[in-house]
Amino acid sequence: MVKRLVLAAGLALALAACEDQRTVSSNRHLQPIPPQTVALMSQKGVTPSDPILVRIFKKEAELEVWKQNNDGQYALLKTYPICRWSGQLGPKVREGDRQAPEGFYTVTPALMNPNSSYYLSFNMGFPNQFDRAHGRTGSHLMVHGSCSSRGCYAMTDEAIAEVYAMAREAFAGGQRGFQVQAYPFRMTAENLAKARYDQNIGFWKNLKEGYDHFELTRAEPAVEVCGRQYAFNTRNCAPASPELSQAVATKQAQDEIKIAEYIARGTPAVRFVYEDGGGHPSFREYAMAVATAENPNTLSRAARRLGDVSRPDALYAGLREIRVDSSGRPVEELPAASTPLAFASAASAIQPAAPAQPVATAVAAPAPAATAGVSEVAKSAAGGTRPFYRRIFGDLFSSKPIGGAPAANPAAAAPEAVPQPPPRGAARDTSDRQAGIIPGAHPIIPEESIGYTSLR
């Protein structure tokens, strides 16, 4: 049984790309915005045809949809959980690195895909001018349905149907393109204090400038690329509003004081490390149930509606914060995190059917599974006995702080060889995933479980 579970984890859908074209058309893209969301818009003083803006936060695995009101400012409408994103925190650098993009992108009607292999999707527009200035490569970087990612943001079919409908109505109302702001994490003082020695901190602080412009004005920041960096609310790389520039500088100074206070209180510098990306914790038990079920028909309806789940063992392992020194190198070795072996051990204790109701809180990471009696094939599927953080950092660990060269970029590490699954295709039964979606799609997790509705 353990062997079967390990192999299921190792063979879980590590798709070759977010290649997203199909030849069969449907009417999915015509689904209306759900009535409850239209009612929420009315409460906020906005309409379906008003412009939208999207913000994505990897670490928190959340996607926000904002709507523009009559005074030109944006109000937060809803927050959706992201089921799956791949890679590590940090920008996408090259084709095939499994990194989901970070930065500022504009989605036009031409980038909307009504015939997506992943139910519905929109292309983020990677690479943009900033990415090209840094020689970054990649294609087909999407926000789409299902729960499978190789460089994309997967939101489940129901959630992408609702976001797609809102984008469609905004375009019909005259919006020519909506901005997507993709961040590694919410730009809090605590997150920035922890990430202070990360090799991407300079890039993230550049993104924070745009974040601060939006936080202060609630208006979409104009974006240019000046000196191979993002510049916000500039005209020909010169500040368009000295008053706004001063306000942003004041906010940044205040935030630096807060960051210093966190450091003074002993907040450690860490590297945020994942086996291979993450997702919202409310999906973890469902993903594990999907990956380990002997008979998919025994799963709860909510679990089946996740669709394909890529690397469920990595999704279950979640985030690890590894302490680093000022050069970005690890200063201590943490206990072994979840691997496919530990994942399989935890999965064996779960009934084939997932709980009928969504899980609102994160599941505690399981203790490392004993390997006695596990075949060599199973050990190979789990990556041997080498903990995942060694595979990320290399053999840099010591009981004492380590100095020297900066740590290698985890996104650039060579991916481990895994067996390739059969092509995603029509062999799977999608009848249950379609049920209840038309005429109105809605997120599968109740709003009260993760605070969908804005409190602002």
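**Aromatic contacts and nonpolar cores**

The charged end of arginine 265 sits over the ring of tyrosine 262, 4.6 Å from its centre (NZ of Lys or CZ of Arg within 6 Å of the ring centre and within 35 degrees of the ring normal). Arginine 186 lies over the face of phenylalanine 57, at 4.0 Å from the ring centre. The model is predicted: local features need pLDDT of at least 70, side-chain atom pairs count only at pLDDT 80 or more, and totals for chains, interfaces and linings use all residues. Residues are numbered from 1 along each chain as its sequence is written, and side-chain values use heavy atoms, without hydrogens or water.

The structure holds 16 aromatic pairs (rings of Phe, Tyr and Trp, the last by its six-membered ring, with centres within 6.5 Å; planes under 30 degrees apart are stacked, over 60 edge-to-face, the rest tilted). Tryptophan 85 and tyrosine 274 have ring centres 4.9 Å apart and planes at 75°, so this pair is edge-to-face. Tryptophan 85 is in strand β4 (residues 84-85) and tyrosine 274 in strand β15 (residues 270-274), 189 residues apart (strands are DSSP E runs of at least two residues; helices are H or I runs of at least four). Tryptophan 85 is buried, at 0% relative accessible area (buried is under 20%, with a 1.4 Å probe and protein chains only). Tyrosine 274 is also buried, at 3%. Phenylalanine 57 belongs to an aromatic cluster that includes Phe104, Phe130 and Tyr183.

The largest nonpolar core has 63 residues (buried Ala, Val, Leu, Ile, Met, Phe, Trp, Tyr and Cys joined through side-chain atoms within 4.5 Å). Leu63 and Phe178 touch the most other members. Helix α4 (residues 157-172) gives the largest share, 10 residues. A second, separate core of 13 residues includes Tyr286 and Val309.

How values were computed:
Buried means under 20% relative accessible area, exposed over 50%, partly exposed in between (1.4 Å probe, protein chains only).
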